[in-house]
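This briefing covers a single protein model, arranged by topic. Please keep the sequence and the structure in view while reading.

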Amino acid sequence: DEKLSTNLNYPIQVLDDQRIVINIGRYPDNYLSLYDMENCLEESVYYDGKAERGFAISSNGWLAINEELEGDLVLNVYDEQHQLVFTDNEVDYYHFIDWSKDGSMLIYRVGKSKSEDQLYLYDFKTNEQKIIGDHIHHASFSPDDKKLIIERDGDQLYFLDLRSLEESYVIEGSSPNWKP
């Protein structure tokens, strides 16, 4: 489908064995589409805000999305009824977004103006936000949501314990995605 626009900044999210959510169109006139892979057809509009970029959908159906509002990029989180539940309006440009396996925590890397890139964690159970690291290029939650696998320096993978924030080297690699 020539309308599909996917790359590192415009990810695909698998919903189930037959459907994906994908960024359709060209920025800034793009939207998120529910796409039926069995028939290779667009099923419906999943979300149509303004100039959507990266996004992630939690296991409980919440949407975290980097989108443009009034000329600024923000990170918004919507619940399963598409009600806004969280905004980080200090986010400049999205780098990546990832949900914990149970859908209760969100990590995202942001670059704020005149500041180094930082990895943030927002816990929706406690409504607490904290910075958990600097210069992390990508990260993914462990199956038990107690650790992250993180990428530093473009080719070094580490485990990061979310309680102690201690890191341990794993191996050379990039773009980690921890699947159960």
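The second largest pocket holds about 320 Å³ of space. A pocket is here an open set of points on a 1 Å grid over the protein atoms alone, where a 1.4 Å probe fits, with protein on both sides within 12 Å along at least five of seven lines; a cavity is a set from which the probe cannot get out, and lining residues have an atom within 4 Å of a point. Grid points are joined across faces, edges and corners, and the volume is the space filled by probe spheres set on the points.

The model is predicted: local features need pLDDT of at least 70 and side-chain atom pairs count only at pLDDT 80 or more, whereas totals for chains, interfaces and linings use all residues. Residues are numbered from 1 along each chain as its sequence is written, and side-chain values use heavy atoms, with hydrogens and water left out.

**The second largest pocket**

- The lining of the second largest pocket comprises 13 residues, of which M105, K130, D145, L162 and R163 are the closest to the centre.
- Two or more lining residues come from each of β11 (118-123) and β12 (128-134); strands (E, at least two residues) and helices (H or I, at least four) are DSSP runs numbered from the N terminus.
- β12 supplies the largest share of this lining, with 3 residues.
- By class, the lining has 8 charged, 3 nonpolar and 2 polar residues. In this scheme Asp, Glu, Lys and Arg are charged, Ala, Val, Leu, Ile, Met, Phe, Trp, Tyr, Cys and Pro are nonpolar, and the others, Gly among them, are polar.

**The sheet β1 to β4**

- Four strands form an open sheet in the order β1-β2-β3-β4, and their pairing is antiparallel; two strands pair if DSSP finds at least two bridges between them.
- β1 (12-14) and β4 (41-47) are the edge strands, each pairing on one side only.
- On average, neighbouring strands of this sheet are turned by 30° against each other, direction ignored. The axes are lines fitted to C-alpha atoms, for helices over the stretch in contact, and angles run from 0 to 180 degrees between N-to-C directions.
- β1 and β2 (residues 19-24) run antiparallel and are joined by 3 bridges; V14 has I20 in β2 as its bridge partner.

- β6 (residues 63-69) pairs with β7 (residues 72-78) in the antiparallel sense over 7 bridges, and L63 has Y78 in β7 as its bridge partner.

- Antiparallel pairing over 6 bridges connects β14 with β15 (residues 156-161), where R152 stands opposite Q156.
- The hairpin of β14 and β15 has 3 residues between the strands, and D153 in its turn has a positive phi of about 55°.
- β15 also pairs with β16 in the antiparallel sense, over 5 bridges; the bridge partner of F159 in β16 is S168.
- In the hairpin of β15 and β16, 5 residues lie between the strands, and L165 takes a positive phi near 60°.

**Salt bridges**

- The model has 4 salt bridges, each defined as a side-chain nitrogen of Lys or Arg within 4 Å of a carboxyl oxygen of Asp or Glu.
- A network of salt bridges links D16, R19 and E43.
- D16 and R19 form a salt bridge with an N to O distance of 2.9 Å. D16 is partly exposed at 30% relative accessible area, and R19 is partly exposed at 26%; buried means under 20%, exposed over 50% and partly exposed in between (1.4 Å probe, protein chains only).
- R19 also forms a salt bridge with E43, with the closest N and O atoms 3.7 Å apart. Because R19 lies in β2 and E43 in β4, this pair ties together parts that are 24 residues apart in sequence. E43 is partly exposed, at 41% relative accessibility.
- E167 and R152 meet in a salt bridge of 2.6 Å, N to O. E167 lies in β16 (residues 167-172) and R152 in β14 (residues 147-152), so the pair ties together parts 15 residues apart in sequence. E167 is partly exposed at 35%, whereas R152 counts as buried at 16%.

**The loop at P143**

- P143 is found in the loop between β13 (136-141) and β14 and is partly exposed, with a relative accessibility of 38%.
- The C-alpha atoms of P143 and D102 are separated by 8.9 Å, although the two residues are 41 residues apart along the chain.
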